[in-house]
Amino acid sequence: MELCVIGKPNVGKTLLLINFAAYLGLREIHLEVEDEGGAQRVQRLGLDRARRDLVSLYAPKTTRVQCLHLELPLGRQRPEITAVDTPGIPEGIADDPDRRHQVALAIERAMRAELVVHVLDAGAAGTRRPEAPGLFDAALVEWGRTRPGYLLVANKMDKPGSQDGLRLIKERFRGGALIPASAITRRGFRDLKGWTQRMLV
């Protein structure tokens, strides 16, 4: 089963996936990335190295669609999920052709994935920062309401102003499943695991 994580740049998608893998008990991730020539490159990364290599608190590091393979405990079974980590989708059209191509790939993967996790920055909601929820997020929420395997995650609940941001998100995007979370403190991971397990049954 494929789970696609999508959202604007710098909302914490990659760290959310890496720390969720740690929460599930994994010690390393298998990362698949398609290079500019279209060839698949596979890496095995310990979680500490994955955080160092793939995550930045300032400039987004995820510039290409990449896949992480996760095993999810489900009774006696451990079904594997392919978690598709996508580059951030900004408001407007990017100048760089490769960036536009990656954005198109991200949207295509989300449309065909069985599960979609849409990440918002709760700390930025209501501000003018680039990662604040905007028109793209509103359109994605409207699309997500038409399908059962869609989840909205209000990330960065550890940040100042995030409680006010969560309130704004709830007011603006009413209806549907919403989990307040923090990729850093792992708040909401139990709910995220439970939602994913229910979707697999």
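Me: Buried means under 20% relative accessible area, exposed over 50%, and partly exposed in between. In this predicted model, what makes Arg186 partly exposed?

Reply: Arg186 has a relative accessible area of 34%. The two limits are 20% and 50%, and the value of Arg186 lies in between, so this residue is partly exposed. Arg186 is found in the loop between β8 and α6.

Me: What is noted about phi of Arg186?

Reply: Phi of Arg186 is near 70°, which is positive in a residue other than glycine. Asn10, which is not a glycine either, has a positive phi of about 70°. Asn10 belongs to the loop between β1 and α1 (13–23).

Me: Why is Phe189 counted as buried?

Reply: The relative accessibility of Phe189 is 1%.

Me: Why is the pair of Phe20 and Phe189 called edge-to-face?

Reply: Two conditions apply. Ring centres must lie within 6.5 Å for a pair, and planes over 60 degrees apart count as edge-to-face. The centres of these rings are 5.7 Å apart and their planes stand at 90°, so Phe20 and Phe189 are an edge-to-face pair.

Me: What does the pair of Phe20 and Phe189 tie together?

Reply: Phe20 is in helix α1 and Phe189 in helix α6, so the pair ties together parts that lie 169 residues apart in sequence.

Me: What makes the pair of Tyr23 and Phe189 edge-to-face?

Reply: The ring centres of Tyr23 and Phe189 are 5.8 Å apart, and the planes are at 85°. The distance is within 6.5 Å and the angle is over 60 degrees, so this pair is edge-to-face. Tyr23 in helix α1 and Phe189 in helix α6 are 166 residues apart, and the pair links these distant parts of the chain. Phe20, Tyr23 and Phe189 form one aromatic cluster. The structure holds three aromatic pairs.

Me: How do you know that α1 is largely enclosed by the rest of the structure?

Reply: Of the eleven residues of α1, ten are buried, so the helix is largely enclosed. Among these buried residues are Lys13, Leu16, Leu17, Ile18 and Phe20. Just after α1, Gly25 takes a positive phi of about 100°.

Me: How are the directions of α1 and α2 related, and why?

Reply: The axes of α1 and helix α2 (residues 47–54) come within 10 Å and cross at roughly 180°. Angles over 145 degrees count as roughly antiparallel, so α1 is roughly antiparallel to α2.

Me: Which residues meet where α1 and α2 are in contact?

Reply: From α1, Thr14, Leu15, Ile18, Asn19, Ala21 and Ala22 meet Leu47, Ala50, Arg51 and Leu54 of α2. By class, this contact of α1 with α2 has seven nonpolar, two polar and one charged residues.

Me: What strand order does the open sheet have, and which strands are its edges?

Reply: The sheet has eight strands in the order β3-β2-β4-β5-β1-β6-β7-β8, with mixed pairing. The edge strands are β3 (40–46) and β8 (178–180), because each pairs on one side only. From one strand to the next, the twist averages 25°.

Me: How do you know that β1 and β5 pair?

Reply: At least two bridges are needed for two strands to pair. Strand β1 (residues 2–7) and strand β5 (residues 80–85) have four bridges in the parallel sense, so they pair. Leu3 stands opposite Ala83 in β5. Helix α3 (residues 97–112) packs on the sheet, touching β1, β4 (66–71), β5 and β6 (115–121), and its direction makes about 135° with that of β1.

Me: How many bridges join β2 to β3, and how many join β2 to β4?

Reply: Seven bridges join β2 to β3, and these strands run antiparallel. Three bridges join β2 to β4, also antiparallel. With at least two bridges required, β2 therefore pairs with β3 and with β4. Val33 has Arg41 in β3 as its bridge partner, while Leu31 has Leu68 in β4.

Me: Which residues form the covered face of β2 (residues 28–34), and which the uncovered one?

Reply: Ile29, Leu31 and Val33 make up the covered face, whereas Glu28, His30, Glu32 and Glu34 make up the uncovered one.

Technical notes
Residues numbered from 1 in each chain as written. Predicted model: local features only at pLDDT ≥ 70, side-chain atom pairs only at ≥ 80, totals over all residues. Heavy atoms only, no water. Axes fitted to C-alpha atoms, helices over the stretch in contact; angles between N-to-C directions. Contact = heavy atoms within 4.5 Å. Buried < 20%, exposed > 50% of the residue type's maximum accessible area, 1.4 Å probe, protein only. Parallel < 35°, antiparallel > 145°, perpendicular 65-115°, else oblique. Nonpolar A, V, L, I, M, F, W, Y, C, P; charged D, E, K, R; others polar. Phe/Tyr/Trp six-rings, centres within 6.5 Å; stacked < 30°, edge-to-face > 60°.
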